[in-house]
Amino acid sequence: MRRNLPAFLLGFLATSFQILLLREFSAYFSGNELTLGIILASWLLWVGLGSLTAGKIKLFTNQASLCLLVIFLFPFALLTVRFSRFLFHLLPGEIVGLSPVIIMAFGLCLLIGFPLGALFVINVDRQAGNISRVYILESLGAVGAGPAVSLLVTLSSSSWATAAVIAGTTALLSCWAENKKSLRLWTLGAIILLAGFWLVDRPSQVAFWNPLELLTTRDTRYGRLQVIRAKEQLSLYSNNSPLYSLPDPAAAEESVHFAMLQNPEARRILLLGGGPGGTLGELLKYRSAEIDYVELDPEIIDLSRSFLGEEERHYLDDARVRIIFQDGRTFLQETKEKYQVILLNLPEPSTAQINRFYTFEFFRLAQHHLGSGGILSFPVPSSETVIGRELQQFLSSLHYTLSRVFAQVRVVPGDRNIFLASSAPLTLDPQELSDRMASLALPTRHLGPRSLQSRLHALRIRYLEDKLSSASPRLNLDRAPVSFFLNASLWSTQFRGPGAGVLRFFSQVPVSWLLGLPLLLFLALLLVLRAKKRESIFSLLPLAIMGLTTIVAEIVLLIWFQALYGFLYGRIALLLSTFMLGLFLGSLLSTRINRPTYGWLAAVQAGFLLLLVLFRLAIPARLPEVLPFIILLVLGILGGSLFAVSNRIYLRARADYGRGYGLDLIGSFVGALVTSSILIPLAGLSRVIDSIILLNVMGLIFLLTRPRFRLGPN
Amino acid sequence: MKRRRFCETLAGTGLLLGTGAVGALGRVMAFEETANLSHAEARYYKKHPDREIECLLCPRLCKLGDKERGYCGVRQNDGGTYYTLVYGKACSANVDPIEKKPFFHFLPGTEAFSIAAAGCNVNCKFCQNWQISQVRPEQVPHFDLPPVEVAAAAQRNKCRSIAYTYTEPTVFFEYMYDSAVEARKKGLKNCVVTAGHIQPEPLLDLLEVVDAVKIDLKSFRQDFYKEYVRGELQPVLDSIRIVSQSKVWLEIVYLVIPTLNDDEKDIRSMCRWMAKEIGRDIPLHFTRFHPMYLVKNLPPTPISTLESLHDIAIGEGIHYVYVGNVPGHGAENTFCPRCGKVVIERFGMQVKAVAMNEGTCGFCQSPIPGIWA
């Protein structure tokens, strides 16, 4: 038990810390795919480099001391993320660009990831070179980390409390496993530090928001919710972005009335997200309206009830409002209800997760639930005065996608564009809308005859419509979610520096080049490596390919899964744990192979190919929900087997335990960096998997055409 | 060196691709879009030896070598001659209610033909129009709209005035000036919406051809200007003083950003300065901030903050103090400072009732300063 525990703890600690660090980053930096990709890639890079370095240089030999060092460093890493606004001289509420993300991700992942990578090698040393056993134990630890973090966050409503409990428990168990008196004092020190860290969670959030007042904070499985007060102005933030601010009648009025005035008699209304903050109040001004309000996170309603006062509580409790706690898309997939108006009141499509509500498939689903003449409406941030190139591309993709489903699409100009879609004619005639408001005696503050005249002036509408129709728009699909890439590209132009042009550059590169060029470069690399005829290359290269393949396939599968089945939040931990379980089983099974050979390696590589081809065939179909789990499990089994076999072949010649692990993670680093942020949105899921299939074909041919090596003793 | 070349390549690629896109767009725009920049000689600069020049338009006083551009990004030294790149190149043209600028004492209830060209000489973190103000003109789709056409378009759209707005009109000074001259020929009025970051000489010249100026006073503290605006306070105060001493109508807008520039002591000092230096009759608008650009995650300004600042200004003797961006608020109305009655009733951009007689209060006949017809 004591001998095996540290390797298990390593997997548990590394995965927990990775999740918690990502959560903290998401809470304070823009949590789009680009930034998350950078953070994940930095993590994998440094863990990989830590492993590679430790295999060569014996900087640390004591497992428990290094584990304690990571535990000491982790609170500082989280604190640094939280206080990064002071480091970069940012205001509370100021958005953060790409450069700070890169600096912070690479810096902090070095601090935590590098020693964790080294710990893998130290654990192999401790297990007398039995790398498979360490890999098995580490995978087993990782299996438990996701559910443990989820459970602790739910119980404590605090990421930092979760971090303290996980790190403290690991420190104690590690100390017990090592059983050295000298470590006890350090462990006690770590526990005291972690307790202090837990205690400063709230004060540090207060300091972050100062001089604004933090009323409450709550970590849920979806992110960090905070209620901020500036005098009587109350705002609910999710991961540092406002969900709503009260009072803000302009936002609430325009979200509701442009759509509702198309059919003021509409009775069946579906509101997806964003009910509190005035929206429900505006909807309830229509006497016949019955509202189904679907909200993903119950905590949002709970906090709104607690802090927003009597009027908002009254709206939430109105007999005409039915609140449903569910993912909006899943709700629409499951319900048989028909609606006359569907209002999408969600954040803009800045992530793959939110983008699911702006795709061709979602619009078709909404159309299915709208009766004849029903209206779908949603707002997105825009510009009233000028539509620049990036904004034009982003808005055009939404407009084009909507136009492919609905016969009528109109867009209200303004600093927020209100998209309206229907099978029946829609009006943006300011006089007509003013008359309808007057006949309903609709009490509004911001929308009035003159503001409508200005906002819906023919010059403005024509300018916007020309912009929307004259770009070369891209269709936003579940399987090629381009709008969130275009949104990230728009986001990046707000900041100065070369980062602003990078996404624009990629958006102009033809997809064939985007995927083909890396493959050609890889082919050239294989030819060079083939000429070298070094055995270590042939035993270890499959690891790098495996690292890249598994991470790309995982990301593709997660995006595919959430597009098809919706509720990713509840399933993500389970999906990732299934993969980890596969790794564990794969490495366990391969210990039964007495004498691994290149034939085994080629067989596993062929297994990868077969699985990828099957996955590729499954992408266009809607198959039972269990299938993604099976794919991930088999992917894990193949990954675990390949890791064990490849390492065992390599270690016959050299006792460098870190190299294989390091290459696996560096392959993953490449995949993490570009897959979700660039490749999937621009090329689509299918073509990304096609490329990975080609990559694996090359890898397999490389293996099959290897020179003859004499294998050393097992 | 390599990195620089990479950046240049990226910028160049973006530029070339963008140029193609703009060309394709031109055919269907309400105004014809073009990829060309202007090459009109700028005014207000001094030539130095070795093809260097010194820009005298704004307080930055940029000293530029050959082929260099000023801080604004829209004025370039080309062989020792200084050129404006945005003359006749509008990037935005709309019809707005004059109350949207906001002007409350200038042709109330009328529309202003509003134009902008790219660029700005300050860099506010809360800019509403960052897509056109914080970029180079090559990055912004724009169209040919020479001064004569500006005036004609304003007439076509039944506007009483032309507003030079959205970005900082100082940086397209020559275009604004010549458009104003053309507008006057057609009997239109001109109003300028500016941050006031301009040198006295061009400002005095401009005041000869325009009718109203709205100056955004962003704070009464130099450190705020330095940190959040990347500009200087004193030149703005000088501009306010110069306009107030001219025949041109002046209004001041103070965008209140929660926690950043809402200190009551500062506002009191500002009002005292106004009362002493420019008089009590210059309208002062405290407008509500809505999250924008880099500070888009800040909450909007609490209305009670606006009300407190409004009360401070009234207490300091400023006659016309308004609360903006809060439709339906009582402080949107114009009150006669003598009899205290409402002479112009507003609801948002809507002018609901006017109780005035040729520039005087309809109740007590006290003059209400402004341009009313």
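At what angle do helix 2 of chain A and helix 28 of chain A pack, and how far apart are their axes?

1. This is a predicted model, in which local features need pLDDT of at least 70 and side-chain atom pairs count only at pLDDT 80 or more, whereas totals for chains, interfaces and linings use all residues. Residues are numbered from 1 along each chain as its sequence is written, with chains lettered from A and ligands numbered from 1 in the order in which they are written.

2. Helix 2 (residues 33-56) and helix 28 (residues 657-683) of chain A pack at about 170°, their axes being 7 Å apart; axes are lines fitted to C-alpha atoms, for helices over the stretch in contact, and angles run from 0 to 180 degrees between N-to-C directions. Helices here are DSSP runs of H or I with at least four residues, and strands are runs of E with at least two, numbered from the N terminus. The angle makes helix 2 of chain A roughly antiparallel to helix 28 of chain A, a word used for angles over 145 degrees. Their contact comprises 17 nonpolar, nine polar and two charged residues, where Ala, Val, Leu, Ile, Met, Phe, Trp, Tyr, Cys and Pro count as nonpolar, Asp, Glu, Lys and Arg as charged, and the others, Gly among them, as polar.

3. Chain A is divided into domain 1 (1-211), domain 2 (249-492) and domain 3 (509-714), with bounds from an automatic or database domain assignment. Between domain 2 and domain 3 of chain A, 15 residues of the former are in contact with 15 of the latter, contact meaning that C-beta atoms, placed from the backbone, lie within 7 Å. On the side of domain 2 of chain A that touches domain 3 of chain A, helix 21 of chain A gives the most, with four residues, and that side divides into seven nonpolar, three polar and five charged residues.

4. Chain B has nine helices and 22 strands. Its radius of gyration, taken over C-alpha atoms, is 21 Å, close to the 21 Å that the globule rule gives for 373 residues, so chain B is as compact as a globular protein of that length; the rule is 2.2 Å times the number of residues to the power 0.38.

5. The contact between the chains takes 47 residues from chain B and 43 residues from chain A. Helix 1 of chain B gives the most to the side of chain B that touches chain A, with nine residues, and this side holds 28 nonpolar, 15 polar and four charged residues.

Methods:
Angles under 35 degrees count as roughly parallel, over 145 as roughly antiparallel, 65 to 115 as roughly perpendicular and the rest as oblique. Two residues are in contact if their C-beta atoms, placed from the backbone, lie within 7 Å.
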